[in-house]
Amino acid sequence: VSFDNMGYSGELYFKAASTLSSSTDTDYYIYYGKGAATEPSASATYGSQNVWESNYKLVAHLESNSNDSTSNANNGSDTSVSYATAGKLGYGVTSNATTDKVSFADATSLDITANLTVSAWIKIANSNQRWVISKHNHTGNQRSWGINTDQNVTNPGGWDGSVDNTGANSTRKIYRGGPSTMDDTWHLVHMTFSNNSLTLYEDGVDQTANFSKIVDNTVSSIY
């Protein structure tokens with residue numbers, strides 16, 4: 001939910017039931033102006049943990065903290081980040097992309113080796129290279145998957161998507177140089193991987209054909 005008190009406008013997103021009909025109207029009701037209204041507990045029928053079904057492993061809205069909205073409880077740990085800046089919906093996290101970060105501990109629910117989709121809203125003002133979202137061990141530089149912005153000469157201001165089979169940067173896919181995202185406006189980026197196929201979307205449009213396949217090994221499973 002996002003509400004602009006000055007502009008008297010807002011946005012509401014919700015998850016519809018899977019029984020929606022293509023031929024019969026389905027009514028949804030909302031109420032407002034009720035000061036006594038309270039949010040359901042996370043585990044309640046209409047709580048956040050039941051909105052995100054079992055295929056969602058981590059959902060972080062990053063509006064005031066890095067808590068996970070799924071039942072997996074993959075809550076983050078913040079290092080010097082700020083939640084005081086307006087985000088795409090509500091507030092968002094601000095980082096200097098060097099020392100500021102949000103970290104999520106390793107967990108069984110995040111050990112995804114086959115079908116994978118990761119996404120993030122990003123707003124970046126300059127062309128410094130940085131990780132947007134990734135899974136890897138910094139100590140041993142063992143990478144599993146990631147999305148990062150690209151200062152490479154392929155397309156300064158674009159972005160990369162990658163998956164790794166071994167974690168040793170030897171059997172992997174790196175697609176680099178997509179459309180520019182470093183224009184200080186909001187962009188929605190997605191990366192999907194399935195059956196050795198890596199697909200990259202920007203603002204809902206498949207942009208894979210506009211990326212250079214820097215490395216395109218066969219990745220049978222994600223590290």
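Student: Why is the contact between D160 and R176 called a salt bridge?

Tutor: A salt bridge is a side-chain nitrogen of Lys or Arg within 4 Å of a carboxyl oxygen of Asp or Glu. For D160 and R176 the N to O distance is 3.1 Å, which is within 4 Å, so the term applies. The pair joins distant parts of the chain, with D160 in strand β10 (residues 158-164) and R176 in strand β11 (residues 172-176), 16 residues apart. Strands (E, at least two residues), like helices (H or I, at least four), are DSSP runs numbered from the N terminus.

Student: What does this rest on?

Tutor: This is a predicted model, in which local features need pLDDT of at least 70 and side-chain atom pairs count only at pLDDT 80 or more, while totals for chains, interfaces and linings use all residues. Residues are numbered from 1 along each chain as its sequence is written, and side-chain values use heavy atoms, with hydrogens and water left out.

Student: How many salt bridges does the structure hold?

Tutor: The structure holds three. One of them pairs D111 with K135, whose closest N and O atoms are 3.2 Å apart. D111 is in the loop between β6 (101-104) and β7, K135 is in strand β8 (residues 130-137), and 24 residues separate them. With 43% relative accessible area D111 is partly exposed, and with 22% K135 is partly exposed too.

Student: Why is the pair of W52 and Y56 called edge-to-face?

Tutor: A pair of aromatic rings is described by the distance of the centres and the angle of the planes. Rings of Phe, Tyr and Trp (its six-membered ring) pair if their centres lie within 6.5 Å; planes under 30 degrees apart count as stacked, over 60 as edge-to-face and the rest as tilted. By this rule there are two aromatic pairs. W52 and Y56 have centres 5.0 Å apart and planes at 65°, which makes the pair edge-to-face.

Student: Which rings form the other pair, and what makes it edge-to-face?

Tutor: W159 and F211 do: their centres are 5.1 Å apart and the angle is 85°, so this pair is edge-to-face. W159 is in strand β10, F211 in the loop between β14 (205-206) and β15 (212-216), and they are 52 residues apart. At 1% relative accessibility W159 is buried, and at 7% F211 is buried. W52, at 23%, is partly exposed, as is Y56 at 37%.

Student: What makes a set of residues a nonpolar core?

Tutor: The members are buried Ala, Val, Leu, Ile, Met, Phe, Trp, Tyr and Cys residues joined through side-chain atoms within 4.5 Å. In the largest such core, which has 19 residues, W145, V163 and M191 touch the most other members. At least two residues of this core come from each of β7 (116-123), β9 (142-150), β10, β12 (186-194) and β13 (197-202). β7 supplies the largest share, four residues.

Student: How do you know which residues W145 is in contact with?

Tutor: Contact means heavy atoms within 4.5 Å. Leaving aside neighbours within four places in sequence, W145 is in contact with L116, V118, I133, S134, K135, S162, V163, M191 and I222.

Technical notes. Buried means under 20% relative accessible area, exposed over 50%, partly exposed in between (1.4 Å probe, protein chains only).
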